[in-house]
Amino acid sequence: MLKIAVIGLGLIGGSILKSLSQSDWEIAAISKSSYDKAKSFTPYASDMIEDTRGADVVFVCSPMSEAKNVLKRLEGIVSPKCIVCDVCSLKGFLEGNYKFNYIGTHPMAGTEESGFDASKDDLFQGAKWVITKHNAILEEVIKFMGATPVLMDAKDHDAAAAQISHMPMLLSFALFDSIRSDSAKIIAASGFRDMTRLALTNEVLAYDMLKMNKKNIDKSIDLFIKSLTYLKNLNDDERIEVLKNISQKRALMYDKKGKNKFNPELD
């Protein structure tokens, strides 16, 4: 019987709680603002971080700007054997020597919404979940939530996150801001809506990502500009062939439900 604690009950933390509440494990939920709502999913809900004492696994789902302080506070509460993992979209800044078994993680799932009310028990179904080192217990918990653990070191993760998440978020803001025509906005439909969805990212989260992963984001922007310039300079026939090839690769990357199925060993 595992005791699992979830600190922070926003979109990710709330979804972890709702998913794990369907297990036989003992789940503790800690939040200063949402612990009353959490009582519908576990009897062990409070606003006291000390209630993580005795936990086998702790998910720290606090904002990136608060995560390191939460980890430091946990050093005086949980046991050295306790598995403590964060869910931040950056990993390198949290690495260090802690008095517990720290494992950096990042669930590759989410929506443009935020808060406990936006969380849902199936958010991680079919998703990939980055872990910075193997651990059988943690991987069992992640798999219970429907996700697939993917081993990746912190440096590689942060560079990859810049390319597929942080830089696209910035581009989403820029794309929306570049539309000056009211006529264009009037007829904008699903394509423009989907391309600019990341412009709805919570501004606090956006600020943390852009500030803390700036070097990787700048490199990703340079690569994007290089690719866009390459496409711009092709003649019409060349461009069609290149776009056709890109389209085929994109079609193979996701299944019909929109889940990433890319495997470098197979592709």
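Biologist: Which residues on the other side of α9 are exposed?

Modeller: In this predicted model, K215, K219, D222 and K226 are exposed there. Exposed stands for a relative accessible area over 50%.

Biologist: What are the buried residues of α9, and what covers them?

Modeller: I217, S220 and L231 are the buried residues of α9. They cover an arc of only 60 degrees around the axis, so they lie on the same side of α9. Their cover includes α5 (154-178), α8 (203-212) and α10 (236-253).

Biologist: How do you know that the span of α9 agrees with its 19 residues?

Modeller: At 1.5 Å a residue, helix α9 (residues 214-232) should span 27 Å. The C-alpha atoms at its ends are 26 Å apart, which agrees.

Biologist: Why is N235 called partly exposed?

Modeller: Its relative accessible area is 39%. Buried needs under 20% and exposed needs over 50%, so a value in between is called partly exposed. N235 sits in the loop between α9 and α10.

Biologist: What makes the pair N235 and E238 a polar contact?

Modeller: A polar atom of the N235 side chain lies 2.8 Å from the backbone nitrogen of E238. The cut-off for such a pair is within 3.5 Å.

Biologist: Which residues touch the most other members of the largest nonpolar core?

Modeller: Of its 32 residues, these are I4, I16, L20, F59 and W129. The largest share of this core, five residues, comes from α1. Apart from it lies another core, of 26 residues, among them I30, V70, Y98 and F100.

Key. Residues are numbered from 1 along each chain as its sequence is written. This is a predicted model: local features need pLDDT of at least 70, side-chain atom pairs count only at pLDDT 80 or more; totals for chains, interfaces and linings use all residues. Side-chain values use heavy atoms; hydrogens and water are left out. Helices (H or I, at least four residues) and strands (E, at least two) are DSSP runs, numbered from the N terminus. The expected span of a helix is 1.5 Å times one less than its number of residues. Buried means under 20% relative accessible area, exposed over 50%, partly exposed in between (1.4 Å probe, protein chains only). The arc is that of the directions from the helix axis to the C-beta atoms. Contact means heavy atoms within 4.5 Å. A polar contact is a pair of N or O atoms within 3.5 Å; within protein, one must be able to donate a hydrogen and the other to accept it, and residues adjacent in sequence count only if both atoms are side-chain atoms. A nonpolar core is a set of buried Ala, Val, Leu, Ile, Met, Phe, Trp, Tyr and Cys residues joined through side-chain atoms within 4.5 Å.
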